[in-house]
Every structure is written in structure tokens, then in C-alpha cells.
Amino acid sequence: MLQTLIAVTLGLSLMVTGCAALKAAPSQGAGFVPVAQMAPRADLPFQKVWFKENVDFKRYKSIYIPKVHTDYLLQSNWWQQNFRQGQMKEDLATMAQYMRDEFKTAFANDPSHHFQVVEAPQPDSLTLELALTELVPSNVALSVLEYAPYGGGTAVRVMERATGAESTVAFEARMKDSDTGATLAMFADRQVKKIRIVDFKAFTWYAHGKEIIKEWAEQFVGLSNQRPGEVIEGSSAFTLSPW
């Protein structure tokens, strides 16, 4: 009972004091896009962006999302190689397919129907090239300790942050004119799992990563419908939902 009360108090304290410090540090870049030439923009949720000047995005009627690139994945941490060694190639392929499917579904289900999702590049289409550049699964063993009796959940969370054992995902992306191949915009972002008072997602390897990818897909749809002066909000670092 006391441990639960402490956990709730800690969670609420994080909400009150703000979660900016809990957000993931920006990726240094994996080489898919030139991150050093990009910068944050206050009205967009991504850590780094770049737009070509004087592009009329309204003239594009469809969007093509090819297979997600995985060759640029950043080097895995030692602990990740240890407990997922032998499975990472399969994991990466599964998550790359999940990312492509989520982005296609998000655009297809956009109530504004700004873009038709097409299966091949067309003259009136944008091509959104995505690359997974970091993929760190949850450390299920640490998560079990966190919720075990007398496990010391706060201490485990500190251990996760200190050792880089938190679930993180990063992407880099290029938006291109499908007809000319010209790059019109670039994006990069890196996110860490949300802070939860109770975290059932921690008991599966990639539930946190899937949550982050789903939010990215929704944010890209928001970007496609952005009105002048509108701010596309970033992801919250904290949630009360355990799932």
C-alpha cells in the first residue's frame, strides 16, 4: 500500500513540475537526412525539420509511402544485444512493417481526406520515405522487478534511465516530389517511452515503440492539414493510462 502511494505521489509530482526534462534527447543523426542542417520549429512536434522554400503542398493530391528503411539503424546498446540477441533482425523487420502500415492507415482514415494513399508513385503524389534509426525494446526483466513485491519501482526506473535501458524509437524522413524526386521537406525525431504510474506496456518488448510510432503517424496527418498559425502539439511525456 505504501509503495503504491509513493508511486502515485511520484507520478503526480512529475505532472505538476512538468515533463520536459523527461523527453528524449534529440538523435545525433544516422545519415538518412542531414540532421545538422535541420532545426526545431515551434509549430511542429518533431525535434528537427527542414522545408524547401516556396513549395505549394496543396497541389499534391496523393501520398506514396514505400517500405521503411532499416539500414540506418543506430548501433544497439550492450544490454539490448544481450537479451534480444538473435531476434533483433526479425524485430526490426516487424516494426518497420508496423510503421509503414500505421502511416498508411492514418492517412487513409484522415477525415479531411487530404491525401489519397497510393501503392506506387504518381505525378500528383508526394513520396514519404521513412527510416527507423533507433529501436530499443523494453527491458521486460527490469519491468518485472519494478512491480515485484519490495522490488523498488523508483530505483528500477532510475536504473533504466541511467543505463539507457528505456524503450526508445527514432526516425528520419524525407518528403519528396514523386515525379521529379526533389526533396521538399525533411524530419527527424526521437522519443522515449511515456512515464506511467502503472505500466502494463512494459511487459512486452515493443508496445512502447508502437505507441510512439502511432503518434508520429497522427502527427504527420496533422501536418498535412495544418492551417496557418496552427500548432501541431507534440507527444506528452506522461500518461495516466496503464495500457
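How much space lies in the second largest cavity? About 50 Å³. A cavity here is a set of points, on a 1 Å grid over the protein atoms alone, where a 1.4 Å probe fits but cannot get out. The volume is the space filled by probe spheres set on the points, with grid points joined across faces, edges and corners.

This is a predicted model, in which local features need pLDDT of at least 70 and side-chain atom pairs count only at pLDDT 80 or more, while totals for chains, interfaces and linings use all residues. Residues are numbered from 1 along each chain as its sequence is written, and side-chain values use heavy atoms, with hydrogens and water left out.

Start with the overall plan. The protein has 6 helices and 6 strands. Both are DSSP runs numbered from the N terminus: helices are H or I with at least four residues, strands are E with at least two. Along the sequence the pattern reads α-β-β-α-α-β-β-α-α-β-β-α.

Next, the surface and the inside. Of the 243 residues, 48% count as buried. Buried means under 20% relative accessible area, exposed means over 50%, and partly exposed lies in between (1.4 Å probe, protein chains only). The protein exposes about 12700 Å², and carbon and sulfur atoms supply 58% of that area. Such areas come from the Shrake-Rupley method with a 1.4 Å probe; for residues, only the protein chains shown count as cover. Among contacts with a separation of 6 or more, 77% join residues 24 or more positions apart. A contact means heavy atoms within 4.5 Å.

Now return to the second largest cavity. Its lining includes Pro26, Gln47, Thr133, Phe171 and Arg190. A lining residue has an atom within 4 Å of a point. Strands E5 (168-177) and E6 (183-192) each supply at least two residues of this lining. By class, the lining has 4 nonpolar, 3 polar and 4 charged residues. Nonpolar covers Ala, Val, Leu, Ile, Met, Phe, Trp, Tyr, Cys and Pro; charged covers Asp, Glu, Lys and Arg; the others, Gly among them, are polar. The whole structure has 3 cavities of 30 Å³ or more.

Tyr72 touches Thr133, along with Ala30, Gly31, Phe32 and Leu132, leaving aside residues up to four places away in sequence. Tyr72 and Phe32 are 40 residues apart in sequence, yet 6.7 Å apart in space, C-alpha to C-alpha. Tyr72 sits in the loop between E2 and helix H2 (78-83). Its relative accessibility is 31%, so Tyr72 counts as partly exposed.

What about open space? The largest pocket has a volume of about 550 Å³. A pocket is an open set with protein on both sides within 12 Å along at least five of seven lines. It is lined by 22 residues, and Phe57, Leu223, Ser224, Asn225 and Gln226 lie nearest its centre. Helix H6 gives the largest share of the lining, 3 residues.

H6 spans residues 207-224 and has 18 residues. From first C-alpha to last it reaches 26 Å, close to the expected 26 Å. The expected span is 1.5 Å times one less than the number of residues. H6 is mostly covered, with 14 of its 18 residues buried.

Asn54 has a positive phi of about 60 degrees although it is not a glycine. Asn54 is exposed, at 78% relative accessible area. His113 also has a positive phi, about 50 degrees, and is not a glycine. Its loop runs between helix H3 (88-108) and strand E3 (116-118).
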